[in-house]
Structures are given as C-alpha cells and as structure tokens.
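Please read the following account alongside the sequence and the coordinates. It goes from domains to the chain interface, then to a helix pair and some local backbone features.

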Amino acid sequence: MASCYGQFACNIVQAKLGSSNTTPMKPMRVISLALRSPNETTKHETFTSNNIVITKKSLTKTLLEAEERESAGKGKFGKYGGRYVPETLITCLNKLEAELNLVLHDPEFQAELSTALRDYVGRETPLYFAQRLTNHYKNDYGQGPEIYLKREDLNHGGAHKINNAIAQVMLARRMGRKSVVAATGAGQHGVATAAACAKLSLECTIFMGSRDMERQPSNVVLMNLLGAQVKCIDGSFKDATSEAIRSWVGNLETSYYLAGTAVGPHPCPTMVREFQAIIGKETRKQAMEKWGGKPDVLVACVGTGSNALGLFHEFLRDEDVRLIGVEAAGASIDDGRHSATLARGDVGVYHGAMSYLLQDEEGQILGAHSIGVGLEYPGVSPELSFLKDIGRAEFYTVTDQEALDAYRRLCRLEGIFPALEASHALAFLEKLCPTLPHGTKVVVNCSGRGDKDAATVFEKTTAGLANHKTKST
Amino acid sequence: MAVASNSTTLPKSYRSSFNTPTQLPSGFLKFTPRPTAAKRSSSITCAIAMEEDKKSEPAVHLRPDSFGRFGKFGGKYVPETLMYALTELETAFRSLAEDHEFKKELDGILKDYVGRESPLYFAERLTEHYKRSNGEGPHIYLKREDLNHTGAHKINNAVAQALLAKRLGKKRIIAETGAGQHGVATATVCARFGLQCVIYMGAQDMERQSLNVFRMRLLGAEVRAVHSGTATLKDATSEAIRDWVTNVESTHYILGSVAGPHPYPMMVREFHAVIGKETRKQALEKWGGKPDILVACVGGGSNAMGLFHEFVDDEEVRLIGVEAAGFGLDSGRHAATLTKGEVGVLHGAMSYLLQDEDGQIVEPHSISAGLDYPGVGPEHSFLKDIGRAEYYSCTDEEALEAFMRLSRLEGIIPALETSHALAYLEKLCPTLANGTRVVLNCSGRGDKDVQTAIKYLQV
C-alpha cells in the first residue's frame with residue numbers, strides 16, 4: 001500500500017526568461033510512509049535549464065492529491081480510513097455516499113444550508129483578535145505572535161458540532177428518514193443533533209455513556225428539553241457509539257445514524273469534514289480582510305478531529321500554514337490515563353475505520369481519560385492519522401491541569417469561557433508562543449463555550465483550595 | 001425634604017406637574033447648560049414640554065427632553081453629589097455619539113467580540129403552530145439576541161459603557177445584579193478591557209446563584225454581598241448607588257437597564273438600539289418592508305427599548321411589551337409594573353412602580369430573575385401613557401409552556417424572560433390577519449434556566 005506514494009508527480013514546466021539559476025537535478029526518491037519522520041520538511045525544488053524553469057510539485061501536495069483521489073473512491077487517506085463494517089451496512093453506506101455527493105453539488109440544498117447556517121446557527125463566526133492574550137505572550141522586548149480566536153463558541157448550541165448536525169439532519173430528511181440516532185461524548189453533539197431534529201421535526205434518540213452523563217448533566221437536561229430521548233449506556237463515548245451503531249443497524253430504512261465526528265466508516269469522516277470545512281473557509285476570507293494574508297499557524301484541540309479538520313482542511317495545500325493539533329494528556333501522559341491517540345497510539349481498526357488508536361498489547365481498546373470530556377476517545381480521525389504520517393500536521397499534548405489554567409486565563413484576560421476541550425488548544429500556546437517570531441499570526445479554534453464546564457472548574461478549584469489549606473495547616 | 005435615591009417614593013396623591021415639583025428643595029433645580037451638539041430629534045432639546053394632549057406629535061420627539069424626562073417620567077432624583085457625575089456622563093456620551101473613532105471601535109467589538117449582527121430568524125415550525133384551520137396566520141420571526149456572547153442582549157450595553165468608561169479615564173467599574181446575568185456581562189467586559197470590577201449582589205441571591213458568583217470571580221470581578229433589606233436586587237442597587245456616590249471620580253456605574261437617573265435610560269437605550277436598527281435592515285432584505293408587530297419581554301425594559309426605539313416613529317408598527325404576571329395579577333405576587341403599578345420615584349427616576357398604600361416598594365415575584373424588578377424604565381411608562389406601546393402580562397405557567405414550546409418546535413431554548421414574550425403569542429396570533437409579520441426579541445438563551453424549569457415542571 002505504501003508503494004503507490006513512492007513516486008514524484010508530474011512536473012509542471014514553465015517558461016521563464018532571463019533566469020540564470022542552475023541547480024543539479026536530484027535523484028528520484030522512493031518514500032515509504034512508515035519510515036517517514038514527521039519532522040522532515042518537504043522541499044520545493046526548482047531547477048532551470050536554459051531559459052526554462054521547471055517547477056516540481058512538492059511532495060506534500062503530491063501526497064495530498066493522491067489521497068484525495070483515493071478517498072473519493074474508497075474512503076482511504078493513505079492507508080487509513082476505509083470501511084471495516086459488516087456486509088449489511090455496505091449498501092446503506094453506499095446510499096449515504098451517493099446522497100452526500102449529490103448534496104455537495106446541489107445549489108438548492110446548499111442555499112437552504114447557507115440560510116440555516118446564517119439564521120439558525122448564527123454564522124459567520126467572528127475571527128477575534130485577542131488583544132490581552134496577545135499581550136500576555138509578549139516577551140520583555142514587547143515582541144510576540146498575534147493571537148486570533150475563531151469563535152465557534154458563539155454558534156447556536158455553543159460549539160462547532162451544529163455545523164455538521166444541521167447539514168446531516170437536512171440530508172436525513174432529504175433521504176426520507178423519520179428518525180435520527182446519534183452518540184455523544186460531552187453532550188455537545190447530542191444537543192446540536194437534538195436541536196436540529198426539533199427544528200426539522202425528526203425524532204431523535206441520543207446514546208450517552210453513564211460516566212459522561214454524570215460529568216455533563218446539564219447537557220442531558222438540554223437534550224430532553226429539546227425533545228430527544230436520551231439513552232444511558234454503561235461506560236463512555238466509545239460504548240455509546242457502539243450501541244448507537246447497533247441500534248441503527250436494526251432500523252436501516254427509517255433511521256439515520258448521525259456521525260458527530262470525523263471517525264467511522266467511509267463516507268462519515270469525509271462527510272463530517274466537508275460540513276465542518278466552513279470554519280476554515282470563513283477563516284481564509286476573514287484573514288484576508290483583516291491583514292491581507294493567510295494565518296501562519298492554526299491550532300485546534302483534537303479528540304476525534306472534527307473541529308481541527310474543519311479549520312485545517314481549507315489550508316492543507318498552503319504549506320506555509322503550520323497545522324497544530326493538541327490532544328489530551330489527561331492527568332499525565334505517562335500514567336496511561338490520557339487520550340493522546342496520535343502521540344501514543346498504534347494503528348488498528350475501530351468503529352469501521354483504520355486509524356491510530358489506544359490499544360493494549362492484545363489489541364483491546366483502552367479507555368481514554370481527560371478533563372475535557374469531548375476529547376475522551378481512544379481513536380482519532382483517519383484523515384488526521386494520514387496528515388501526521390506525511391508530516392503535514394504536528395500533534396502535541398497538554399495535561400488536565402494545563403487545560404484548567406488555560407480556561408482560567410482566557411476568562412480573566414478576554415472574558416471568554418472556553419470549553420475545556422478548546423482549553424487544551426489554548427494551553428499549548430504557553431509552549432508555542434515563545435518559539436514564534438514577532439508578528440506571527442496564530443489562529444486558535446475556540447471550538448466551544450465553557451458554560452457547561454463551570455461546575456467542573458468550580459469543583460477542581462475548591463478541591464484545590466481545600467488541598468492547599470490542609471497542606472499549609 | 002430630600003428625595004433620596006433609594007427606595008422611598010412620593011405619596012400616592014402626588015400629581016407630577018411637568019414644571020417645578022414644589023416638594024423638592026431648590027438645590028435640585030440647578031443644572032449646567034449643555035452644549036447643543038444633538039442632531040437627532042429624539043435626544044435632548046432645550047424646550048420644556050408642557051402638559052399636553054397625549055396624542056400630539058411633538059411629545060414623541062422629546063425622548064427625553066433637556067431635564068431627562070419622557071413626558072412626566074424619568075428625571076434625576078439623586079443626591080447632589082451625583083449630579084456632577086451624571087452631567088459629566090451625559091456630556092461624554094453626547095460627544096462620543098458623534099465620534100467616528102469611538103463608533104468604529106464599538107462596531108468592531110460588537111462584531112468580533114459579541115458576534116453581531118444577530119440573525120433575524122424565520123421560525124417556520126412556530127409559524128405553522130399558529131396557523132388556523134384555514135391555513136392562515138401570521139409569520140413569526142425571532143431576533144436572535146440569544147446568540148450574542150454571554151447569551152443575552154445585556155452585553156451590547158455593557159460593552160459600550162465599558163468603552164465609554166475607558167474614554168472617561170475611569171479605572172473602576174461597579175454594577176448591581178440580581179440573578180447574576182448582568183453581573184456576568186459586566187465582569188466579562190471588565191476582563192476584556194482590563195478594568196477593575198466590583199459587583200453588588202444580594203446575599204440571598206448569592207446563595208441561590210453560587211455558580212454565577214463563581215463565574216464572576218473567574219472573570220476577575222469582586223462580588224460583594226449585600227445584607228441590608230431583603231438582601232435582593234433592589235438592595236444591591238441601592239448599595240451600588242451608595243458606592244458610586246463615594247467613589248464618583250474613579251468609578252463608573254454600569255446600570256443594566258433603561259431605568260435609573262438621566263442619562264442612563266437614554267444611554268442604555270441608545271446602546272441597545274442596534275437591535276432595532278439591524279431588524280429594520282434585515283426586514284427590508286427579507287421581505288422588502290417593515291415588521292408589522294414587535295414583541296418583547298419587559299423587566300427593566302432594555303431589550304424592548306432596544307428593539308422598539310428604531311420604530312417608535314413608524315406609527316404603523318405595533319409595539320407590544322410583555323411583563324411578568326408571576327402567580328397571576330390578582331395574587332399580588334407578580335412583577336407587572338405597567339399593568340398594576342402606580343407612579344412614583346425609584347432609583348433616581350420617576351416611573352410606574354409596584355408600591356403599597358404607604359408608598360413602600362412591594363417585593364415582586366417572577367419565575368424569571370430578569371423580570372423580577374418592581375420598577376420599569378421611564379420611557380416605557382411614557383410610551384404606555386401616550387398609547388404608543390401596549391403592555392400585557394403572562395404568568396409563570398404560561399412562560400414555562402412557551403419555554404417548552406420553542407425548545408420542541410425550533411430547537412432553541414429561550415431564556416425564561418424571553419418566554420414571557422413567546423407566551424403572549426398564544427393570545428396575539430389568533431387576532432392577526434394572514435401574513436402579518438411579527439418580530440419577537442429572543443433576548444436570551446435558556447441554558448441558565450433549565451434547572452428552574454425542571455424543578456417547576458416536576459412539581
């Protein structure tokens with residue numbers, strides 16, 4: 001499988017006059033994905049002969065294009081992705097894929113979706129210059145990067161999840177389905193799905209892990225108010241997902257499984273990414289308006305990857321834009337209780353797709369842990385796995401405590417409550433900013449608001465204070 | 001006899017004549033002449049309006065007049081120490097209203113920080129719900145102030161006042177809060193602008209809203225408990241005013257609603273008027289005309305004035321305000337100031353208020369904290385008296401039903417305050433001609449109210 005990426009793509013020949021540069025031709029290299037170190041940067045090579053400059057497409061672009069062809073056909077991103085599902089689901093997934101392709105090119109659907117995104121969801125979301133946060137990262141000489149927040153927290157429902165939910169519920173209605181089934185981790189996807197189903201009058205059943213229901217009870221109440229039925233499953237998000245899929249398989253004709261995130265069998269990862277890509281598209285436009293250029297660095301938290309892909313996808317081919325994903329290290333990455341799939345996982349198949357996952361030596365799935373409930377998933381989007389392997393995106397981790405500190409920092413400096421998930425991305429700025437040259441434009445995806453987390457932060461703070469008191473007495 | 005700015009009111013038999021109220025000491029008649037910079041007809045002019053025919057045109061333009069009065073309502077019933085601060089505030093507001101730099105900065109913040117403009121959303125399923133058996137009915141549109149940063153319209157005013165305070169060189173902000181929404185909005189903008197923030201909150205309210213208290217503290221604000229009186233909103237307001245009197249040079253008081261002494265009702269209205277301005281533009285884009293009816297809930301009255309103000313001079317646009325009837329207008333436990341109140345002075349302004357025979361303030365009740373205020377903005381009192389706006393009320397139960405209804409039909413969970421306006425649609429819509437365009441101000445989101453709703457619905 002790796003060999004199809006072993007050759008360079010075609011050369012683009014351009015005629016240029018008056019150029020006198022000559023560089024020797026480099027020998028062709030065969031690249032194996034498995035051996036490629038993520039730190040290697042791809043080089044853009046040009047060489048001239050007489051008056052002709054031949055520009056070779058960079059390796060990264062080549063790989064991305066090949067991936068696009070593959071993913072459109074078979075749902076593969078390199079070796080990741082695919083459809084590892086029982087035969088019963090293949091027809092259904094084919095239908096879904098066909099419908100997806102239709103709606104992506106249907107002007108009526110797109111117009112209806114645009115109106116819903118504008119009037120119901122509240123798009124476009126601002127690209128907000130965080131003055132006080134920027135000042136916080138200035139060094140003693142007053143130099144530092146500029147921090148912009150993409151305000152997905154201002155969406156209806158309070159997170160980016162609704163972009164995907166509203167589009168898929170419209171799709172389900174178009175396909176004649178009467179009910180929607182979904183699984184949710186922190187509850188944001190559940191709330192978004194319930195809201196969209198209420199608006200478009202479809203029945204809605206949400207599966208949620210018992211552990212998650214305990215940690216985000218307010219979201220459960222919201223889902224009930226919105227008319228959805230919430231089913232409690234023993235365990236967490238991964239168990240809820242399994243149960244939701246099982247329930248769907250029993251009702252393939254009338255029910256629609258709404259994938260909340262970019263995992264699962266093809267076409268789910270592609271579909272979710274397409275519907276979230278509006279984030280990146282708006283960012284490009286707003287960056288152009290604000291500073292007449294592109295962002296230099298994009299930072300997003302990664303649980304399964306939907307908000308990250310939504311921001312990154314637009315800029316995949318802009319190699320001068322750095323893509324940084326931040327995963328959850330839980331209490332500490334070394335104690336085994338974390339959600340750092342890309343940092344510590346191994347390749348395997350889970351929930352219908354091949355990707356990195358947290359598994360033990362026997363290949364059994366490990367539970368994921370994080371204070372950010374939405375980041376707790378032992379797998380990750382196959383597309384992100386691919387981007388990591390080709391070195392297009394970089395992935396780091398941040399602990400619970402660092403995330404809590406970032407939550408408090410943004411409250412204090414900008415008056416914005418970020419979701420604990422988004423706080424992971426914000427926490428990474430502490431390590432990132434000192435390394436960036438003056439004036440670097442950093443866009444952080446503020447993927448959700450943190451009202452739902454105030455109680456958790458409250459507990460941790462009072463517990464922390466109590467600890468401190470007992471220690472000092 | 002001094003007219004203090006706390007909860008004393010004038011006796012019931014008082015008839016407010018527009019010119020000199022004879023009970024006041026002459027000190028209150030002093031005022032500093034203002035620069036005549038005003039261009040808008042709705043702002044201060046030098047004319048003193050006489051008691052005139054309620055329907056005559058000129059009364060509508062003097063909103064407010066040079067004394068800060070709307071007809072006989074409004075004014076500046078405050079201790080002498082505050083007069084200078086109020087005048088300074090008014091002068092600053094007036095000059096900044098014409099300042100392009102200020103407007104640009106404010107617009108930028110409203111756009112990037114608050115998330116404006118908020119959509120004018122066609123509520124399809126709600127419209128369906130109000131269709132009669134022959135398929136006819138009005139069209140319901142929701143002005144989505146719930147999508148603003150912090151989840152309510154409050155931030156429009158908070159952000160503008162914080163910016164104003166900065167321009168005035170003030171480093172310290174104070175505010176009062178009931179359930180905590182205005183407190184959180186104020187603390188939010190203070191964090192954003194790096195201003196010191198002190199919030200006064202009744203001790204009783206602090207107990208009931210400990211999460212909001214925590215949020216204000218996370219935002220860097222100091223929350224001070226008020227134990228006097230009933231330890232609720234009106235006492236917190238009095239305490240905040242006392243603080244302001246003491247610290248007037250360094251401190252700006254962010255009043256949360258269109259109540260209080262002049263220039264606050266005018267200023268807060270102007271800062272919320274963006275709601276109505278956007279609505280006019282969006283209505284034109286969507287159906288090439290104006291709304292036929294505007295509906296909004298009324299506590300202090302800020303979200304309603306924000307929506308109405310743009311359209312007050314458009315006589316064909318009906319303005320409807322909905323107050324809280326609590327357990328029912330006859331139960332004595334409600335907050336329907338304009339329906340059941342009488343004229344008096346509270347917190348620096350003359351307006352309708354809920355008072356007993358001794359002129360003492362009656363403790364209001366509503367399931368929604370934001371409507372739980374015994375007074376109302378003076379401009380609303382004026383609009384009611386001249387018949388320009390109509391005011392009705394809805395009970396706690398009707399509001400809860402409306403809360404559930406919008407959640408189920410549109411997937412939008414409204415604030416309990418907003419739910420009062422939504423509840424009124426049940427009575428309004430059957431009376432409307434086919435195709436009437438109703439714009440309802442969805443002034444806030446209801447995440448904060450789910451626990452309350454669940455509690456009441458279970459009982």
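The domain bounds used here come from an automatic or database domain assignment. The model itself is predicted. On that assignment, chain A is divided into domain 1, made of 76-121 and 161-268, and domain 2, made of 127-157 and 276-463. Taken over C-alpha atoms, the centres of domain 1 of chain A and domain 2 of chain A are separated by 23 Å. Their contact takes 35 residues from domain 1 of chain A and 44 residues from domain 2 of chain A. Between them the two domains bury about 3,000 Å², with 58% of it on carbon and sulfur atoms.

The size of an interface is often given as the accessible area lost when the parts come together. For chain B and chain A the buried area is about 3,400 Å², of which carbon and sulfur atoms give 60%. B:Asp112, B:Phe214 and B:Leu218 supply 18% of the area that chain B buries against chain A, more than any other three residues. The contact takes 39 residues from chain B and 41 residues from chain A.

Within chain B, helix H15 (residues 396-410) and helix H17 (residues 450-458) have axes that come within 11 Å and cross at roughly 115°. The crossing of H15(B) and H17(B) is left-handed. From H15(B), B:Leu400, B:Phe403 and B:Met404 meet B:Val450, B:Ala453, B:Tyr456 and B:Leu457 of H17(B). The residues of this contact divide into seven nonpolar, no polar and no charged.

Two cis peptide bonds can be located next. In chain A, the bond from A:His266 to A:Pro267 is cis, with omega near 10°. A:Pro267 is in the loop between strand S11 (255-257) and helix H10 (268-276) of chain A. In chain B, a cis peptide bond joins B:Arg116 and B:Glu117, with omega about 5°; B:Glu117 is in the loop between helix H3 (100-114) and strand S3 (120-122) of chain B.

Positive phi values come next. A:His351 is not a glycine, yet has a positive phi of about 50°. This histidine, A:His351, lies in the loop between strands S14 (346-350) and S15 (353-357) of chain A. A:His351 counts as buried because its relative accessible area is 16%, and buried means under 20%. B:Thr150, also not a glycine, has a positive phi of about 75° and is found in the loop between strand S4 (139-144) and helix H5 (154-167) of chain B.

Finally, A:Glu87 is in helix H2 (residues 87-104) of chain A. With a relative accessible area of 64%, A:Glu87 is exposed, the cut-off being over 50%. A:Glu87 and A:Trp291 are 204 residues apart in sequence and 51 Å apart in space, C-alpha to C-alpha.

Definitions and conventions: Residues are numbered from 1 along each chain as its sequence is written. Chains are lettered from A and ligands numbered from 1 in the order in which they are written. This is a predicted model: local features need pLDDT of at least 70, side-chain atom pairs count only at pLDDT 80 or more; totals for chains, interfaces and linings use all residues. Side-chain values use heavy atoms; hydrogens and water are left out. Axes are lines fitted to C-alpha atoms, for helices over the stretch in contact, and angles run from 0 to 180 degrees between N-to-C directions. Helices (H or I, at least four residues) and strands (E, at least two) are DSSP runs, numbered from the N terminus. A crossing is left-handed if the near helix is turned anticlockwise from the far one by less than a right angle, and right-handed if clockwise. Contact means heavy atoms within 4.5 Å. Ala, Val, Leu, Ile, Met, Phe, Trp, Tyr, Cys and Pro count as nonpolar, Asp, Glu, Lys and Arg as charged, and the others, Gly among them, as polar. Buried means under 20% relative accessible area, exposed over 50%, partly exposed in between (1.4 Å probe, protein chains only). Buried area is the accessible area (1.4 Å probe) that two parts lose on being put together, summed over both.
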